[in-house]
Amino acid sequence: KGVEEAINAGKIMKNNNITFDVAFSSVLLRAKRTLDLVLKEMNVNVPVYYSYRLNERHYGALQGLNKDETRKKYGEEQVHIWRRSYDVRPPMLTIDDPRYPGNDPLYKDLSKDELPLTECLKDTLERVLPYYNNEIKNHLLKGENVLIVAHGNSIRSIIKYIENISDEDIMSVEIPTAVPYIYELDNELNIIDKTILNH
């Protein structure tokens with residue numbers, strides 16, 4: 001289903017004559033595969049930059065657990081709070097947990113401080129924004145068309161920032177998978193137009 005959605009997103013953007021000069025993605029396999037499928041479908045070859053800063057939110061000790069099992073263990077209400085609050089973190093991983101990101105060679109060049117043990121949306125935003133401001137923004141200021149393929153919470157963080165959405169309101173913003181959001185920005189990167197392309 002994810003493959004079909006990615007190909008469809010590429011098709012939609014191609015049919016709407018959307019073009020890109022550069023692309024950004026996380027280092028996680030799903031986002032990288034999605035980006036590859038989108039670019040292939042659009043028949044576009046652009047420089048691509050990958051960063052762990054665009055990774056999905058780290059759910060700590062809940063990482064990799066089935067949603068139903070998690071609800072049974074912690075209760076529906078608690079799981080809802082962890083998933084939907086802006087600044088409440090799930091339980092932390094310990095560094096001796098096999099799921100600790102420091103055990104993954106993908107993150108071997110990162111310091112201990114850069115490796116999350118758990119994250120709330122606020123933490124994800126604080127991880128994503130420096131990358132947006134130091135890397136992605138430079139391309140936008142040059143007038144380039146930028147494609148970002150990432151994850152629900154890293155995308156939600158960027159949308160919160162560029163649309164100036166409050167901490168309370170961002171939690172009700174749903175990010176559908178593989179549905180292109182097109183932002184047209186002025187020279188100061190203020191939004192002129194926003195289009196959600198779902199066909």
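Colleague: What makes the span of helix H6, residues 152-163, agree with its 12 residues?

Modeller: In this predicted model, the 12 residues of H6 should span 16 Å at 1.5 Å a residue, and since the end C-alpha atoms are 16 Å apart, the two values agree. The expected span is 1.5 Å times one less than the number of residues.

Colleague: Why is H6 called mostly covered?

Modeller: Buried means under 20% relative accessible area, and 9 of the 12 residues of H6 are buried, among them Asn153, Ile155, Arg156, Ile158 and Lys160. The buried residues of H6 pack against helices H4 (76-84), H5 (121-141) and H7 (167-170), and also against strands E3 (146-149), E4 (181-185) and E5 (191-196).

Colleague: Why is Thr34 called partly exposed?

Modeller: Thr34, which has its place in helix H2 (residues 29-42), has a relative accessible area of 22%; buried would require under 20% and exposed over 50%, so Thr34 is partly exposed.

Colleague: What is Thr34 in contact with, leaving aside its neighbours within four places in sequence?

Modeller: With those neighbours within four places left aside, Thr34 is in contact with Ala6 and Val149.

Colleague: How do you know that the side chain of Thr34 has a polar atom by the backbone oxygen of Arg30?

Modeller: The distance between that side-chain atom of Thr34 and the backbone oxygen of Arg30 is 2.8 Å, and the cut-off for a polar contact is 3.5 Å.

Methods. Residues are numbered from 1 along each chain as its sequence is written. This is a predicted model: local features need pLDDT of at least 70, side-chain atom pairs count only at pLDDT 80 or more; totals for chains, interfaces and linings use all residues. Side-chain values use heavy atoms; hydrogens and water are left out. Helices (H or I, at least four residues) and strands (E, at least two) are DSSP runs, numbered from the N terminus. Buried means under 20% relative accessible area, exposed over 50%, partly exposed in between (1.4 Å probe, protein chains only). Contact means heavy atoms within 4.5 Å. A polar contact is a pair of N or O atoms within 3.5 Å; within protein, one must be able to donate a hydrogen and the other to accept it, and residues adjacent in sequence count only if both atoms are side-chain atoms.
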